[in-house]
Amino acid sequence: RLRRCAMGTAFELVLVGDSEPHLRAAGEEALAEIDRLDDQLSAFLPSSEVSAINAGAGRGEIIVEPRLFQLLERAGQVAALTGGAFDPAVAPLLDAWGLREQRERTLDAARRAAGWRNVRLADGRVRFAHTETAIDLGAIGKGYALDRAVGVLRARGVRAAFLHGGTSSLYGLGALVQGTVPRAAG
């Protein structure tokens, strides 16, 4: 059992298998991937790639790391499929409503700047239609981080695990064989 705070919540991994040292090493590598993604995706860390996008994409194209670009494309697809009910470009409204500790915005300006319709993705680059447009991947970041952590665990040969990010995002890997109770690491 391993635990780490990232993305404003606690991530926990329960890994099952025969070799505790192997499970611990794989789990630490998976948590390191979650930390890396927190550093990349956080709209609250000035050094994150998302913060760089928010600061510059309204002034010109920003080149984005390929996996982050794929995540943004997927976020755009979900925004379209939900008719905008899911919208990662809602950050200006969150600011105007006082739900984030970012810069203050008037509600009218936030309404103009918010919305995926203001985001342009092409050839690994992001551009915003307005300088005040901003993205916040908080709604999908934890699930994405868990998917990536599971990829690390699978690559390291872990066959059974349970992961959660703040108990709202969960992932079960593998299955128990009836009549056996594998030993959990930690």
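Q: What do "axis" and "angle" stand for here, and what counts as a helix or a strand?
A: Axes are lines fitted to C-alpha atoms, for helices over the stretch in contact, and angles run from 0 to 180 degrees between N-to-C directions. Helices (H or I, at least four residues) and strands (E, at least two) are DSSP runs, numbered from the N terminus. The model is predicted: local features need pLDDT of at least 70, side-chain atom pairs count only at pLDDT 80 or more, and totals for chains, interfaces and linings use all residues. Residues are numbered from 1 along each chain as its sequence is written, and side-chain values use heavy atoms, leaving out hydrogens and water.

Q: Why is α3 called oblique to α6?
A: Look at the angle. The axes of α3 (residues 66–81) and α6 (residues 138–155) come within 12 Å and cross at roughly 130°. That makes α3 oblique to α6. The cut-offs: under 35 degrees is roughly parallel, over 145 roughly antiparallel, 65 to 115 roughly perpendicular, and the rest oblique.

Q: Which residues meet where α3 and α6 touch?
A: Contact means heavy atoms within 4.5 Å. Arg67, Leu71 and Ala75 in α3 meet Ile140, Tyr144 and Arg148 in α6. These residues divide into four nonpolar, no polar and two charged. Ala, Val, Leu, Ile, Met, Phe, Trp, Tyr, Cys and Pro count as nonpolar, Asp, Glu, Lys and Arg as charged, and the others, Gly among them, as polar.

Q: What makes β1 and β7 edge strands?
A: Two strands pair if DSSP finds at least two bridges between them. Four strands form an open sheet in the order β1-β2-β6-β7, with antiparallel pairing. β1 (2–6) and β7 (169–173) each pair on one side only. The twist averages 10° from one strand to the next.

Q: How do you know that β2 and β6 pair?
A: Count the bridges. Six join β2 (residues 9–16) to β6 (residues 160–165), and the two strands run antiparallel. Glu12 has His164 as its bridge partner in β6.

Q: Which helices lie against the sheet?
A: Helix α1 (residues 20–41) packs on the sheet and touches β1 and β2. Its direction makes about 5° with that of β1. Helix α6 lies across β2, β6 and β7, at about 20° to β7.

Q: What pairs with β5?
A: β3 (residues 62–63) pairs with β5 in the antiparallel sense over two bridges. Ile63 stands opposite Arg125. β4 (residues 119–122) also pairs antiparallel with β5, over four bridges. Leu121 stands opposite Val126.
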